[in-house]
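Thanks for coming, everyone. Please bring the structure up on your screens, and I will walk you through it.

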Amino acid sequence: MAIWFQRIFLLLLVSSCASSDFLENSNFESPPLNLSSNASSSAFVLLDQNTTLPGWTFQGTVQYVTSPDLPDSGHAVQLGEDGQINQTFIAKGDDLNYILTFALIPGGQNCSVSAGLSVSGPDSNSVFSYMHNYSKVSWQSYSHNLGKWGNGEPINLVLESQAIDADTNSTCWPIVDTLLIKTVGVTLDQDSGNLLTNGGFESGPGFLPNSTEGVLIDAVPSLIQSALTQWSIIGTVRYIDSDHFHVPEGKAAVEILADTAPSGIQTATRDTSEGYRYNLTFTLGDANDACVGHFIVGVQAGSAAQNFTLESNGTGSGEKFGLVFEADKDAAQISFTSYSVTITKEDVLCGPVIDEVIVHPLGGKASLKPTWLLLIFALLYVAVL
């Protein structure tokens, strides 16, 4: 099994690449031009029509921010009322998905309302809001799939503050920093032993270089639009890396964060046949992030469903589980849902880690249900009598 994951990880390395080279001035460390000498020393500098921001065009209320508390300990931009920045970059290579990761920082602390951040590509859009209790630091990493594009096609990235019905003077406007774009092949080569695509979660958003908190992925109902290749998202999950978390296998895994409602992930098998039996195996554990609690994860595979539990001590434990199911259609649904709300001593939401999800055939059609077998034996017994 470990050999299979090594093979698929190498394939994914070939088909994906994380880079800030797609965007000019992606971390805003190149300051605005034509600033006055007084403005250049301020923490917040309002950009006007006489100012240019290298690599970006802007409109509305946009401020250049300087602070040691930012991800790169340097600079960012705040998008105030009607604030917008955009940049067009060129796709490199055919049939690639372009996945954006960025840092989102709250614009203040004593606010009655926090405005959201709208992130758009040519045919994609999502709104993000800074969520308290989702990280130990004062900023969070989020991801957004900009879609599939061919070589040489222009991709216009737009970030703008989300309009709200509130007093603008008491509104905290979003601050954005450190944008990273990762390309992922639309078609991932898979080992024939697993009937799931990306069951090891090696294909997902890129990790920001100065981040130790993973990447948050908000609800995405579509497998195609998800930043986590071939997995749709329910609620919010944290995409974690092996450099900063306990990952059972490979370089990445998924930590499910249940809050006021259950959260989870869902995908579909490939090449299954209705009525045949299959075995689903997976690893359930914790991320070594001091997440202590009783995990309850509901797993559904085809028409079969079962709850699995794990007592977590928060130090990086893990256990393998399995579920035999009968495919109810050619593409059986596979889902993992966390019903446990757990939080660390630092008031950070945490949860169960899922990794190494594998589906393989058991061979032959599903046998008759036990109840039908009992009925047949009973009828035969009566006939003999």
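Let me start with a term. A polar contact is a pair of N or O atoms within 3.5 Å; within protein, one atom must be able to donate a hydrogen and the other to accept it, and residues adjacent in sequence count only if both atoms are side-chain atoms. Here is a case: the Glu255 side chain reaches the backbone nitrogen of Gly351 at 3.1 Å.

Now the ground rules. This is a predicted model, where local features need pLDDT of at least 70, side-chain atom pairs count only at pLDDT 80 or more, and totals for chains, interfaces and linings use all residues. Numbering runs from 1 along each chain as its sequence is written, and side-chain values use heavy atoms, with hydrogens and water left out.

The overall picture next. The chain has two helices and 27 strands. Those are DSSP runs, numbered from the N terminus: helices are H or I, at least four residues, and strands are E, at least two. Of the 385 residues in the chain, 51% are buried. Buried means under 20% relative accessible area, exposed means over 50%, and partly exposed is in between, with a 1.4 Å probe and protein chains only. Contact means heavy atoms within 4.5 Å. Take contacts between residues at least 6 apart in sequence: 73% join residues at least 24 apart.

Back to Glu255. Glu255 sits in strand E18, residues 252-257. Is Glu255 buried or exposed? Buried, because its relative accessibility is 0%. Leaving out residues up to four places away in sequence, Glu255 touches partners including Val237, Arg238, Asp289, Cys350 and Gly351.

Thr183 is in strand E14, residues 175-185. Thr183 counts as buried because its relative accessibility is 6%. Thr183 and Leu96 are 87 residues apart in sequence, yet 5.9 Å apart in space, C-alpha to C-alpha.

On to the cores. Nonpolar side chains tend to be buried together in soluble globular proteins. A nonpolar core here is a set of buried Ala, Val, Leu, Ile, Met, Phe, Trp, Tyr and Cys residues joined through side-chain atoms within 4.5 Å. The largest has 37 residues, and Phe201, Leu280, Phe282, Phe325, Phe336 and Val357 touch the most other members. Apart from it lies another core, of 35 residues, among them Ile85, Phe102, Phe128 and Ile181.

Most residues other than glycine have a negative phi. Phe201 has a positive phi, near 60°. Phe201 lies in the loop between E14 and strand E15 (215-217), and at 0% relative accessibility Phe201 counts as buried. Asp271 also has a positive phi, about 65°. Its place is the loop between strands E19 (263-268) and E20 (276-285). Asp271 counts as exposed, because its relative accessibility is 61%.

Last, the holes. On a 1 Å grid over the protein atoms alone, a cavity is a set of points where a 1.4 Å probe fits but cannot get out, and lining residues have an atom within 4 Å of a point. Volume is the space filled by probe spheres set on the points, which are joined across faces, edges and corners. How many cavities of 30 Å³ or more does a search of the whole structure find? Two.

Definitions and conventions. 1 Å grid on protein atoms, 1.4 Å probe; cavity = no way out; pocket = protein on both sides within 12 Å on 5 of 7 lines; lining within 4 Å.
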